Amino acid sequence: MAMAAVAAARAASRGGGLCRFLSTSINFPPLSGGGAATADAPRRQQNEPSTNLFISGLNKRTTSEGLKEAFSKFGEVVHARVVTDRVTGYSRGFGFVRYSTIEDAAKGIAGMDAQFLDGWVIFAEYARPRAPPTSPPETSGSYSAYSSNA
């Protein structure tokens with residue numbers, strides 16, 4: 001402890017003071033605009049409008065019924081599903097809501113994005129389309145788990 005105090009006193013006597021001694025040597029660029037998001041920069045990427053919404057930030061105790069009830073205030077909900085863990089059955093923290101029209105989906109995003117649901121702030125956005133499934137790679141070897149040569 002005494003060694004640290006001596007080193008600090010020596011650094012202070014050389015100039016720059018204790019703050020210079022304790023600061024890092026990395027120079028970070030100044031934040032533009034005070035660090036706040038600017039009006040012309042989007043908060044996050046917007047997906048293609050669709051009737052299917054991706055909901056993130058869900059409480060582990062949120063159910064599909066609770067999700068449907070919360071979003072039905074903004075339009076006709078066709079289907080609502082909270083994605084759950086296969087082993088525990090608890091929510092994985094995200095889900096999907098499908099509306100009957102794109103207009104209802106837009107109202108659902110406007111009404112529920114960054115709002116509280118079951119004590120947690122949730123985020124609603126248009127869901128990305130699911131990627132097409134890929135087929136298993138073909139092997140050119142003599143043994144293949146998919147071949148009928150077994």
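**Exercise 1.** Does Phe-54 count as buried, partly exposed or exposed?

*Solution.* The model is predicted. Step 1: the relative accessibility of Phe-54 is 26%. Step 2: buried requires under 20% and exposed over 50%. Step 3: Phe-54 therefore counts as partly exposed.

**Exercise 2.** Classify the ring pairs that involve Phe-94 with Phe-54 and with Phe-96.

*Solution.* Step 1: searching the whole structure gives three aromatic pairs. Step 2: between Phe-54 and Phe-94 the ring centres are 5.8 Å apart and the planes stand at 40°, so this pair is tilted. Step 3: Phe-54 belongs to strand β1 and Phe-94 to strand β3, so the pair links parts 40 residues apart in sequence. Step 4: for Phe-94 and Phe-96 the centres are 6.3 Å apart and the planes at 90°, so that pair is edge-to-face. Step 5: Phe-54, Phe-94 and Phe-96 make up one aromatic cluster.

**Exercise 3.** Determine how the buried residues of α4 are arranged and what covers them.

*Solution.* Step 1: in α4 (residues 102-112), Asp-104, Ala-105, Gly-108, Ile-109 and Met-112 are buried. Step 2: viewed down the helix axis, they fall within an arc of 140°, so they line one face. Step 3: the face turned away from them carries exposed Glu-103 and Ala-110. Step 4: the cover over the buried residues includes β1, α3, β3, β4 and β5.

**Exercise 4.** Describe the largest pocket and its lining.

*Solution.* Step 1: the largest pocket holds about 300 Å³ of space. Step 2: its lining has 14 residues, with Asn-52, Phe-96, Arg-98, Ala-127 and Arg-130 nearest the centre. Step 3: by class, six are nonpolar, three polar and five charged. Step 4: β2 and β3 each contribute at least two lining residues.

Notes: Residues numbered from 1 in each chain as written. Predicted model: local features only at pLDDT ≥ 70, side-chain atom pairs only at ≥ 80, totals over all residues. Heavy atoms only, no water. 1 Å grid on protein atoms, 1.4 Å probe; cavity = no way out; pocket = protein on both sides within 12 Å on 5 of 7 lines; lining within 4 Å. Points joined across faces, edges and corners; volume = space filled by probe spheres on them. Helix = DSSP H or I, 4+ residues; strand = E, 2+ residues; numbered from the N terminus. Nonpolar A, V, L, I, M, F, W, Y, C, P; charged D, E, K, R; others polar. Buried < 20%, exposed > 50% of the residue type's maximum accessible area, 1.4 Å probe, protein only. Arc of directions from axis to C-beta. Contact = heavy atoms within 4.5 Å. Phe/Tyr/Trp six-rings, centres within 6.5 Å; stacked < 30°, edge-to-face > 60°.
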